[in-house]
Amino acid sequence: QVQLVESGGGLVHPGGSLRLSCVASGNIVSINMMGWYRQAPGKQRELVAMITSGGTSNYADAVKGRFTISRDNAKRTVYLQMNSLKPEDTADYYCNADIRTSVFVVRTFWGQGTPVTVSS
């Protein structure tokens with residue numbers, strides 16, 4: 001069984017920063033793509049950023065220049081550094097990873113989500 005556990009969410013003022021972390025554990029052979037998604041109340045879940053095992057990253061236009069995704073493959077951890085936060089960044093943030101659990105099986109796993117609230 002594989003688990004993704006996020007941490008680091010919370011309440012922050014506009015212009016502030018937060019760093020989210022997500023650790024993968026369990027029956028893992030290797031981890032391919034890792035990413036962060038978010039879902040605001042009444043809206044669909046959307047991609048925030050993703051990063052390959054080799055470190056190539058991609059960002060949603062709304063967060064380019066403000067958020068940075070990174071990963072530590074040895075620790076099976078992905079991070080999201082969020083700077084210059086805006087009220088519209090308020091959402092539940094979810095970690096996502098494509099994980100090989102055996103020679104023939106690659107599945108997508110999700111974390112339970114961590115809330116981020118940007119408000120004065």
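This is a predicted model: local features need pLDDT of at least 70, side-chain atom pairs count only at pLDDT 80 or more; totals for chains, interfaces and linings use all residues.
**Notebook: core, sheet and rings**

I started with the middle: the largest nonpolar core holds 31 residues, and W36, L80, M82, Y93 and I99 have the most contacts inside it. Here a nonpolar core means buried Ala, Val, Leu, Ile, Met, Phe, Trp, Tyr and Cys residues joined through side-chain atoms within 4.5 Å. Buried stands for under 20% relative accessible area, exposed for over 50%, and partly exposed for in between, with a 1.4 Å probe and protein chains only.

Residues are numbered from 1 along each chain as its sequence is written, and side-chain values use heavy atoms, with hydrogens and water left out.

Strands are DSSP runs (E, at least two residues), numbered from the N terminus. The largest share, 5 residues, comes from β9.

Then I checked I99. Leaving aside neighbours within four places in sequence, I99 is in contact (heavy atoms within 4.5 Å) with V2, L4, A24, I28, S30, I31, V105, V106, R107 and F109.

**The open sheet**

Next I traced a sheet: 4 strands form an open one in the order β1-β3-β8-β7, with antiparallel pairing. Two strands pair if DSSP finds at least two bridges between them. The edge strands are β1 (2-7) and β7 (67-72), each pairing on one side only. On average, neighbouring strands here are turned by 15° against each other, direction ignored; axes are lines fitted to C-alpha atoms, and angles run from 0 to 180 degrees between N-to-C directions.

V2, L4 and E6 make up the covered face of β1, while Q3, V5 and S7 make up the uncovered one. β1 and β3 run antiparallel and are joined by 6 bridges. Which residue of β3 is the bridge partner of S7? I found S21 there. At 16% relative accessibility, S21 counts as buried. Not counting residues up to four places away in sequence, S21 touches V5, E6, S7, W36, V78 and Y79.

β7 has F67, I69 and R71 on its covered face, and T68, S70 and D72 on its uncovered one. I counted 6 bridges between β7 and β8 (residues 77-82), in the antiparallel sense. F67 stands opposite M82 in β8, and the bridge partner of R71 is V78. The two strands form a hairpin with 4 residues between them, and R76 in the turn has a positive phi of about 55°.

**Rings and a charge**

How many aromatic pairs does a search of the whole structure find? I got 1. Ring centres of Phe, Tyr and Trp (its six-membered ring) must lie within 6.5 Å; planes under 30 degrees apart count as stacked, over 60 as edge-to-face and the rest as tilted. The centres of Y37 and W110 are 4.9 Å apart with planes at 65°, so I logged the pair as edge-to-face. Y37 lies in β4 and W110 in β10 (residues 106-110), so the pair ties together parts 73 residues apart in sequence. W110 counts as partly exposed, at 37% relative accessibility.

Last, R45. R45 lies over the face of W110, at 4.7 Å from the ring centre, and over the face of Y94, at 3.8 Å. The test needs NZ of Lys or CZ of Arg within 6 Å of the ring centre and within 35 degrees of the ring normal.
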